[in-house]
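Student: I have a model to go through before the afternoon. Can we start with single residues and get to the whole chain later?

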Amino acid sequence: MKIAVLPPASREEIKELWKLYYSDESNAIDAVNQLKEWLWSQPHLPKVLDDGQLERWLIRCKNSQQRARQSIDMYYTLKAVSPEYVVDRNTHSQWFQDLMRCVYCVHMPQLTENKDRLSIVGFQDYDPGCFNADDAIKAQLMVMDMRLCEDYHDSNIIIIDMKNYTLGHVGKINISHILKSVTWSLKGCSFRVRKIHIINMPKYAEYLLELVKTTLPKKQSDKIIIHGNGLSKLHKEVPKNLLPDEYGGSAGPLEAYWAAWKQKAETYNDWFKEQESIKSDESKRQGRAVTHGDLFGFEGSFRKLTLD
């Protein structure tokens, strides 16, 4: 089965996304130029984002200049204060190969009618031995970076399948991992969430769910839907034609999509390496430099961030 991972958006599809937040094409172009002008005025930020990346950033931020600026700043700051997640991002590395046999994280190529991207994540087997939470965050960022480079979409619908989540996994994920994952996704990359559907959740996974909720304001927590073991409720929320066969859909086998995503990651290996040094230079920031403790410390500013 031939899988098109993130097929290029047509101009018509892009214009449909523009219409959600811009009055016309010239308004969209002006917004991109305005964001670019701000970026070039920031001495601590790299000047590497092209017009397409800026355009997609604005769409994800609902055409808010303030939110887009905060997000871009956060993205490059995170790369500076958490460098462990942007080094050794090579698909031939042992950590990557081990993780890919342990988990899956598939982003379906077809958007919903609301221009949302459907993502499905889960564990491939019951063995917790191959799972490392820090490696999972690194791989998550690799996928997010690919999407930053290519993905035109509005928001995200996420399906979390906990079928193979065991007691052995419980002690491998802590509040620090969740904070970092949430910060990279929602604040650094501005990937907005429409709904989070959790299926096949065992009783002992409730602790993990509560940890996740502590990192989110109520507006985000309210987007989480627990489905239990059945799929009938999920099918009322997500069109079957967008779902892989394993979830009662008609879009093809999940395995084929995951294999295609792994192959796509390989094509980014050189780019991943180049990006290691592209981060904020806190010595040049106007005002006080941001530290790891500011974002993730117990009394850090993360607790004051608002996620929309």
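This is a predicted model: local features need pLDDT of at least 70, side-chain atom pairs count only at pLDDT 80 or more; totals for chains, interfaces and linings use all residues.

Student: Where is F96 found?
Tutor: F96 is part of helix α5, residues 94-102. Helices here are DSSP runs of H or I with at least four residues, strands are runs of E with at least two, and both are numbered from the N terminus.

Student: OK. Is F96 buried or exposed?
Tutor: F96 is buried, because its relative accessible area is 5%. The classes are buried under 20% relative accessible area, exposed over 50%, and partly exposed in between, with a 1.4 Å probe and protein chains only.

Student: And what does F96 touch?
Tutor: Leaving out residues up to four places away in sequence, F96 touches N90, T91, M142 and A265. Contact means heavy atoms within 4.5 Å.

Student: Which helix holds Q94, and why does it count as exposed?
Tutor: Q94 is in helix α5. It counts as exposed because its relative accessible area is 54%. From Q94 to K213, the C-alpha separation is 32 Å, for 119 residues along the chain.

Student: Switching to loops. Where does D116 lie?
Tutor: D116 lies in the loop between β1 and β2. K115 is in that loop too, with β1 given as 103-107 and β2 as 117-123.

Student: What is the phi of K115?
Tutor: About 70°, which is positive although K115 is not a glycine.

Student: Back to D116, why is it called buried?
Tutor: Because its relative accessibility is 1%. Apart from neighbours within four places in sequence, D116 is in contact with L111, D154, S155, N156, I157 and R194. D116 and K223, 107 residues apart in sequence, are 14 Å apart C-alpha to C-alpha.

Student: Which other residue has a positive phi without being a glycine?
Tutor: K62, with phi near 55°. K62 sits in the loop between α3 (51-60) and α4 (65-81). It is partly exposed, at 36% relative accessible area.

Student: What about E282, buried or exposed?
Tutor: E282 is buried, at 14% relative accessible area. It is in the loop between α13 (269-275) and α14 (292-296). Neighbours within four places aside, E282 is in contact with H44, T77, A289 and V290. E282 and L45 are 237 residues apart in sequence, and their C-alpha atoms are 8.7 Å apart.

Student: And which residues does Q42 touch?
Tutor: K47 and Q286, not counting residues up to four places away in sequence. Q42 lies in the loop between α2 (25-40) and α3, and it is buried at 13% relative accessible area.

Student: New topic. Which residues of α9 are buried?
Tutor: In α9, residues 206-214, the residues L208, L209 and L211 are buried. They are on the same side of α9, because they cover an arc of only 155° around the axis. That arc is taken over the directions from the helix axis to the C-beta atoms. An α-helix has 3.6 residues a turn, so residues three or four places apart point the same way.

Student: What carries the face turned away from that, and what covers the buried residues?
Tutor: The face turned away from the buried side of α9 carries the exposed residues Y207 and T214. Cover for the buried residues includes α8 (175-188), β4 (193-199) and β5 (224-228).

Student: Now the whole chain. How many helices and strands?
Tutor: The chain has 14 helices and five strands. Of its 308 residues, 53% count as buried. Among contacts between residues at least 6 apart in sequence, 77% join residues at least 24 apart.

Student: What are its spans?
Tutor: The C-alpha trace spans about 50 × 45 × 40 Å along its principal axes.

Technical notes:
Residues are numbered from 1 along each chain as its sequence is written. Side-chain values use heavy atoms; hydrogens and water are left out.
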